[in-house]
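The following note sets out several points on the model shown below. Please read them alongside the sequence and the coordinates.

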Amino acid sequence: MLERIRIVLIGTSHPGNIGATARAMHNMALSDLTLVAPRCEPINADSVSRASGADHLVHGARVVDTLEAAVADCTLVVGASARSRTLPWPMLSPRELGERLPQELAAPDARVALVFGREDSGLTNAELQRCHAHVHIPTNPDFSSLNLAAAVQVLAYECRQAWLAGEPADPVEADQALATHAELEHYFAHLERTLVAIGFHDPATPRQLMARLRRFTLRARPERMELNILRGILTETEKLAPPRDE
């Protein structure tokens, strides 16, 4: 289970935090580290030193340009957020996240990504809206600032506790496999294109329509087959849409 949990760091600005994250991961037997558009050189003396023996994770980290590339194959994406948002999203505690993992990873091709934002500003609203759920670490409200690697350590610990508990998950049939992040993003692009074609959605005045539809769909956790049905409906709807003025 642990090998299919990915830690994703977005826009990290200090190489020491990458090394400290690798150490926190290796403490809890996590090994999949992906860096999205780091704002520093990931591999240097500081990151290797702070890794304290887990520098193989620093050297083996995958570096990509976008969040979409980092989590394309994942069936559950959870963003770490310390801020309340104008559009509420499903929120988990670290313990609730851990308790969900055995069932989330019951299918052999399932992948979970835990996404952490920039040291100075966290995750953007757009990045949080690409997550199925958010996880909030209930720190002291009078001093809630948490170091990046410390946040990773808290969630990695809960992941390991869930693995140690060894609760058996219900088996998942192949035709019940959940849609991946990449498949969902293709669906959202198709949905928006169709809504524009039938005149239901105007991108110039979006009124959070796509954000709300995204939240609804991600909360529903559609299976791959269900998403294919929805996309088939969208394809036929597009064919019936009236021609629109350029």
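At what angle do helix H8 and helix H10 pack, and how far apart are their axes? The points below begin with that pair. The model is predicted, so local features need pLDDT of at least 70 and side-chain atom pairs count only at pLDDT 80 or more, while totals for chains, interfaces and linings use all residues. Residues are numbered from 1 along each chain as its sequence is written, and side-chain values use heavy atoms, with hydrogens and water left out.

1. Helix H8 (residues 181–197) packs against helix H10 (residues 224–240) at an angle of about 20 degrees, and their axes are 10 Å apart. H8 is therefore roughly parallel to H10 (angles under 35 degrees count as such). Axes are lines fitted to C-alpha atoms, for helices over the stretch in contact, and angles run from 0 to 180 degrees between N-to-C directions. Helices (H or I, at least four residues) and strands (E, at least two) are DSSP runs, numbered from the N terminus.

2. In the contact (heavy atoms within 4.5 Å), the H8 residues include Tyr187, His190 and Leu191, and those of H10 include Leu227, Leu230 and Arg231. The residues of this contact comprise six nonpolar, five polar and five charged. Ala, Val, Leu, Ile, Met, Phe, Trp, Tyr, Cys and Pro count as nonpolar, Asp, Glu, Lys and Arg as charged, and the others, Gly among them, as polar.

3. Seven strands form an open sheet with parallel pairing, in the order E3-E2-E1-E6-E4-E7-E5. Its edge strands, E3 (62–64) and E5 (91–92), each pair on one side only. Two strands pair if DSSP finds at least two bridges between them.

4. Strand E6 (residues 112–116) pairs in the parallel sense with strand E4 (residues 76–80) over four bridges, and Leu76 stands opposite Val112. Five bridges join E6 to E1, again in parallel; here Ile7 has Leu114 as its bridge partner.

5. Five of the five residues of E6 are buried (under 20% relative accessible area, with a 1.4 Å probe and protein chains only). Val112, Leu114 and Phe116 point one way from the strand, and Ala113 and Val115 the other way.

6. Helix H7 (residues 148–165) lies across strands E1 (5–10), E6 and E7 (133–135), and runs at about 155 degrees to E6. Within H7 is Glu158, which is buried, with a relative accessible area of 9%. Not counting residues up to four places away in sequence, Glu158 touches Pro94, Arg95 and Gly98.

Terms used: Buried < 20%, exposed > 50% of the residue type's maximum accessible area, 1.4 Å probe, protein only. Parallel < 35°, antiparallel > 145°, perpendicular 65-115°, else oblique.
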